Amino acid sequence: MLIRVDPTRSTPLAEQIAGAVRRAIADGGVAPHERLPGARDLAASLDVSIHTVLAGYQQLRDEGLIELRRGRGAIVREGTSPGRAALLDLVRRLVDEGRRNGLDDDELVALLRTAL
Amino acid sequence: MSRSSVGRIAFGALPPLVAVVPAVVLLLTGADRLPDPLAVHFDLGGVPDGFSSPTAALWSVVAPGVLLAVTFGALVALRTTRFLAGIGWGAAGLIGTVLFLAVRANLDAADASDARLSLGALLIGVAVAAAAGVLGAFLAPDDVIAAEPETRGGTMDLAPGERVAWSRSVTSAPMQGLGIGLVIVGVGVGVVVEPGSGILAGTILAVAGLLVLLSASARVTVDERGLTVSLGPVGFPRWHLPLAEVGEAVAGEISALGRFGGYGYRVVPGGSGVILRSGESLIVTRASGRTFTVTVDDAGTAARLLTGLVARSGA
């Protein structure tokens, strides 16, 4: 699994980490039931704070992509499909693009509805 | 028949034949110091329980040598691997040593029933077998080993301030199977089969099984610090190659038994490797020219990242 982050970008590092893991799940770079690198190890690899990595992992847990267990680390959830990860990635990019174009939450949801 | 296949047959067939020579020479030259009949088989206490004439004994020394020579000559010629070469040389070492010591036990015995062969002879045989096996696996010449793997390289473009990490875990099914098997056999021997005296042997087997299980997986990491391979859930032992030591990084398919002679941490001529299965591997050539190989999926990405990181650190 390849994780690339760039501190010079405006997106917070934790979100960049979550995005990279999401895309790795989406393109099969990491499979369901596989263990993600330990937060401490990944933090050392990327030269970021362990809290940054944990914040990224928590975001993925809230999206239902991974499980976080004390002592066992982060594991891609059994039922996680690459398709679902790809969809979540699209949603993130949709929201980002919307924000960049000055849309608020209601306008974004309304926009999404018009496509349904 | 090509020159290389003659070489392969000889590499497998010669060691067993050479191994029985000392026993044969001792039988022929020491005839006047050997009893007739000879003790040719011993029980666990070292007391002879089988006898035969010197001529018959000569055949029972030559026969296993010829049998092993034919078997391993054919096997090594058909499918040459470091693993087979090691097993063949090891078997030759074992029978050569045990047969020689068995004949020697008869030397100067007034009667064959006075000959003694201690269990130590078997231990010496096992030690010689282990040494011969390692030597055989090591010496297996390059034209005997599967050809150099086809590799693919390339480089990843990295922005100056970008932080990149690649990490992947790899698990060895053969080692997991072996580990679980050893634990089951160990518990079986220690508890079920022979309570009491079997405890020690059972514990040793079970602990060996646990150690194999602990080293049946690894995590491979490529980042700004270089390449790191850490074994098992404990992450120990750990191998680290700083970027400065990385000469070239490519991905290729390797054969665990053919090229490395087995699984685990392997040292072979020209390099070393953490080999948990056959197949896709990251192959790094160090500045010294020696290679470090680790079997891992998606090794192409790891190789391109490592190459990109080296390029960026040098720029």
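Predicted model: local features only at pLDDT ≥ 70, side-chain atom pairs only at ≥ 80, totals over all residues.
Residues are numbered from 1 along each chain as its sequence is written, chains are lettered from A and ligands numbered from 1 in the order written, and side-chain values use heavy atoms, without hydrogens or water.

Chain B holds an open sheet of six strands, in the order E3-E8-E11-E12-E10-E9, with mixed pairing. Here helices (H or I, at least four residues) and strands (E, at least two) are DSSP runs numbered from the N terminus, and two strands pair if DSSP finds at least two bridges between them. E3 (151–152) and E9 (264–268) of chain B each have a single partner strand, so they sit at the edges with one side lacking a neighbour in the sheet. E3(B) runs antiparallel to E8(B) (residues 246–254), joined by two bridges, and B:Arg152 faces B:Ala251 in E8(B).

On the surface, B:Val134, B:Leu135, B:Phe138, B:Leu139, B:Tyr265 and B:Val267 make up a nonpolar patch with about 550 Å² of accessible area together. Patch members have over 30% relative accessible area and no salt bridge, with like charges joined within 9 Å and nonpolar side chains (Val, Leu, Ile, Met, Phe, Trp, Tyr) within 5 Å; a salt bridge puts a side-chain nitrogen of Lys or Arg within 4 Å of a carboxyl oxygen of Asp or Glu. Areas come from the Shrake-Rupley method with a 1.4 Å probe, and for residues only the protein chains shown count as cover. Helix H4(B) (120–139) gives the largest share, four residues.
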